[in-house]
Amino acid sequence: MTELILALIGAALINNIVLQHTLALDPLLREGSATSRPWVHALGLATLLAMLLVCTLGQLLYLYILQPLHLDYLRLFVFLPLCVLTAAPLLAALQRWVKPWPFDGLKPLLTGNAALLGLCLLLSDEQRGVLPALAVGLGSGLGFWLVLALFDDLRQRSLHDDVPPAFRGLPIELMGAGIMAMAFLGFSGLFTS
């Protein structure tokens, strides 16, 4: 049980999928009206559930079908369709269950999310079981949602504060992402064995 909790916390804070592995940066750097607070939480929830579902199903497929048949080299060709095909039904279910949140424009971001495929490949490389994969998927989704909310707050503050013209927009956001990555790296000494 302790391993599962450490895997969950480690995936959310220490080995954050966005800040440490630099996957799924495209939703963070998105500009315009599509970055409102409900949009951020809708994308966070959709990505959390997609990571949970794809990591668990991917690990099940890898451990119980690909490995026994010695087809480890086909994992990319199995994980990629799994990531792409789960986006539409998941967004349709979320649209039905959580009606006030805007899930309609999230299909391209969820379908092309590199974090889903990258996490499946990382988990299959580590040869973990299904329960640790479930914990890592949940932790990675929570970590993505946390970074997405923090990045939205950074964007809102940079719009209202005095930011030099040369740093407005993408430069200040990239510097903020680097500082967040260093702050999350500080969590690495939190748990020692």
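**Note on the cysteines, threonines and annotated spans**

1. C83 counts as buried, with a relative accessibility of 3% (buried means under 20% relative accessible area, exposed over 50% and partly exposed in between, with a 1.4 Å probe and protein chains only). The model is predicted: local features need pLDDT of at least 70 and side-chain atom pairs count only at pLDDT 80 or more, while totals for chains, interfaces and linings use all residues. Residues are numbered from 1 along each chain as its sequence is written, and side-chain values use heavy atoms, with hydrogens and water left out.

2. C83 belongs to helix α3, residues 75–85 (helices are DSSP runs of H or I of at least four residues, strands are runs of E of at least two, and both are numbered from the N terminus). Apart from neighbours within four places in sequence, C83 is in contact with V54, L116 and L117 (contact means heavy atoms within 4.5 Å). L57 lies 26 residues from C83 along the chain, and the C-alpha atoms of the two are separated by 9.9 Å.

3. How many disulfides are there? The count comes to 0 disulfides (a disulfide is a pair of cysteine sulfur atoms within 2.5 Å). For C55, the closest cysteine sulfur is that of C120, at 4.8 Å, which is too far for a bond. C120 is likewise in no disulfide; the cysteine sulfur nearest to that of C120 belongs to C83, 4.6 Å away. C55 is buried at 2% relative accessibility, and C120 is buried with a relative accessible area of 2%.

4. The UniProt annotation "transmembrane region", from an unreviewed entry, covers residues 44–66, 73–94, 106–123, 130–151 and 171–191. UniProt positions are given in the numbering used here, feature names are shortened, and annotations may be inferred rather than shown by experiment. In the model, residues 73–94 are 86% helix and 0% strand, and the end C-alpha atoms of that span lie 33 Å apart. Residues 106–123 are 83% helix and 0% strand, with end C-alpha atoms 25 Å apart.

5. T111 sits in helix α5, residues 107–111. Is T111 buried or partly exposed? The relative accessibility of T111 is 26%, so this residue counts as partly exposed. The side chain of T111 reaches the backbone oxygen of K107 at 2.7 Å. Not counting residues up to four places away in sequence, T111 touches V84 and A87. Between T111 and L90 there is a C-alpha to C-alpha distance of 11 Å, and the two are 21 residues apart in sequence.

6. T56 lies in helix α2, residues 37–66. The relative accessible area of T56 is 14%, and the residue is therefore buried. Once neighbours within four places in sequence are set aside, T56 is in contact with V130 and L134.

7. The count of aromatic pairs comes to 1 (rings of Phe, Tyr and Trp, the last by its six-membered ring, pair if their centres lie within 6.5 Å; planes under 30 degrees apart count as stacked, over 60 as edge-to-face and the rest as tilted). W101 and F103 form this pair, which is tilted, with 6.3 Å centre to centre and 40 degrees between the planes. W101 is partly exposed at a relative accessible area of 27%, whereas F103 is buried at 2%.

Conventions: A polar contact is a pair of N or O atoms within 3.5 Å; within protein, one must be able to donate a hydrogen and the other to accept it, and residues adjacent in sequence count only if both atoms are side-chain atoms.
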